[in-house]
Amino acid sequence: MTAEQGTDRGADVRWALLTGGVKGVGKKYSQDRWAARATADGRAVVLTVADGHGSAAHFRSDLGARWAVEEFTACAEAFAHEAVRVGADAAGWPELRAEARLLPQAVGHRWHRRARFHDSSAPARGASPAQRAAAHRRARGRGTPDLAAYGSTLLGAVLTEHTLMCWQLGDGDIVLVDDGGVPHTPLSSGPDMGDETDSLCEPEPWRKTRTHWQPITGGPPPAVLLSTDGLSKSFADHQGFLDFATGVRERAAGQGVAAVQGQLGDWLARAAKYSGDDTTLVGAFGARYDTSDATGGHEPHE
């Protein structure tokens with residue numbers, strides 16, 4: 001889990017990052033993992049959260065969630081450098097979008113390789129005889145390695161001054177809050193219909209990964225918030241969750257991200273009491289700076 005303050009060096013946008021996570025009530029440890037970091041010399045940020053499934057059938061999903069975050073971050077940082085290089089040159093965007101569509105496949109292959117290696121090295125660790133028997137039955141039926149023990153969702157985003165790219169596999173939420181305070185959920189698939197969700201442990205998980213591409217022209221980049229489903233499930237309805245996301249952006253703009261970071265742990269702990277689930281939130285906030293000031297001063301424009 002990482003969180004770094006993003007600082008631009010010559011760019012017109014300065015980033016501030018928000019991170020927090022709490023374990024679900026009554027759980028021994030959290031199955032969520034996350035990362036938020038500045039990259040490309042501070043000109044881009046990478047955000048990701050992963051939610052290990054956590055049930056008895058997914059008894060190694062904390063490992064799966066950790067690998068999901070690590071592999072996504074490695075791939076996304078390379079993509080972020082390319083996105084910064086392309087910048088505002090719209091002629092380069094089609095190729096950049098093509099690379100973005102391939103990223104889930106690269107992450108999926110790397111995650112599966114680590115899971116298969118671990119499973120071959122320690123096939124019985126942590127599993128009861130009944131769990132091992134169930135895994136063998138599933139593997140025989142599908143003809144592919146059964147990696148269900150490691151199952152995890154994965155959400156990620158790369159944000160630069162000029163472009164935003166988001167990816168989502170499984171449940172959880174990506175909320176964009178624009179400069180006017182209006183929330184958007186570009187990858188929402190509607191209300192959850194139970195505990196079943198798409199997962200990295202499935203064959204070719206990249207085929208179920210949803211993607212969102214958004215050029216940023218003129219105004220400041222939106223606030224980008226990624227959360228595991230433990231947060232949205234703590235609200236009575238979806239609008240309540242969106243109002244929370246809008247409030248986070250407003251407080252960050254009015255009080256500063258550091259002040260929000262100081263309160264985030266308490267907010268998430270309260271949410272976890274209602275949802276009973278591990279609850280994680282990461283976010284990025286960008287503010288444009290006036291670099292035309294001949295005195296060298298820089299004033300942010302929210």
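This is a tutorial dialogue on reading features of a predicted protein model.

User: Which conventions and confidence limits apply to this model?

Analyst: The model is predicted: local features need pLDDT of at least 70 and side-chain atom pairs pLDDT 80 or more, while totals for chains, interfaces and linings use all residues. Residues are numbered from 1 along each chain as its sequence is written, and side-chain values use heavy atoms, with hydrogens and water left out.

User: How many helices and strands does the protein chain have?

Analyst: Helices (H or I, at least four residues) and strands (E, at least two) are DSSP runs, numbered from the N terminus. Here the protein chain has six helices and 12 strands.

User: What share of the residues is buried?

Analyst: Buried means under 20% relative accessible area, exposed over 50%, and partly exposed in between, with a 1.4 Å probe and protein chains only. In this protein chain of 302 residues, 51% are buried. The accessible surface (Shrake-Rupley method, 1.4 Å probe) is about 13,800 Å², and carbon and sulfur atoms account for 51% of that surface.

User: What fraction of the contacts joins residues at least 24 apart?

Analyst: A contact means heavy atoms within 4.5 Å. Taking contacts between residues at least 6 apart in sequence, 73% join residues at least 24 apart.

User: Which residues touch the most other members of the largest nonpolar core?

Analyst: A nonpolar core is a set of buried Ala, Val, Leu, Ile, Met, Phe, Trp, Tyr and Cys residues joined through side-chain atoms within 4.5 Å. The largest one has 35 residues, and Phe72, Phe79, Trp111, Tyr150 and Trp167 touch the most other members. At least two core residues come from each of strand 4 (44-51), helix 1 (61-86), helix 2 (93-121), strand 5 (154-160) and strand 6 (163-169). Helix 1 gives the most, 12 residues. Another core lies apart from it, with 23 residues including Ala245, Val257, Val260 and Ala271.

User: What does Leu103 touch?

Analyst: Leu103 sits in helix 2 and is buried, at 7% relative accessible area. Leaving out residues up to four places away in sequence, Leu103 touches Phe72, Cys75, Ala76, Phe79 and Trp167. Ala78 is 25 residues from Leu103 in sequence, and their C-alpha atoms are 10.0 Å apart.

User: How is the span of a helix checked, and what does helix 5 show?

Analyst: The expected span is 1.5 Å times one less than the number of residues. Helix 5 (residues 238-255) has 18 residues and should span 26 Å; its end C-alpha atoms lie 25 Å apart, in agreement. Helix 1, with 26 residues, reaches 36 Å from first C-alpha to last, close to the expected 38 Å.

User: Which residues of helix 5 are buried?

Analyst: An α-helix has 3.6 residues a turn, so residues three or four places apart point the same way. In helix 5 the buried residues are Phe241, Leu242, Phe244, Ala245, Thr246, Gly247, Val248, Arg249 and Ala252.

User: What follows helix 5 and helix 1?

Analyst: Just after helix 5, Gly256 has a positive phi of about 100°. Gly87 follows helix 1, with a positive phi near 60°.

User: Where are Ala40 and Glu204, and is each buried or partly exposed?

Analyst: Ala40 has a positive phi near 55° although it is not glycine. Ala40 lies in the loop between strand 3 (32-39) and strand 4, and is buried at 9% relative accessible area. Glu204, also not a glycine, has a positive phi of about 45°. Glu204 is in the loop between strand 8 (183-184) and strand 9 (210-215), and is partly exposed at 38% relative accessibility.
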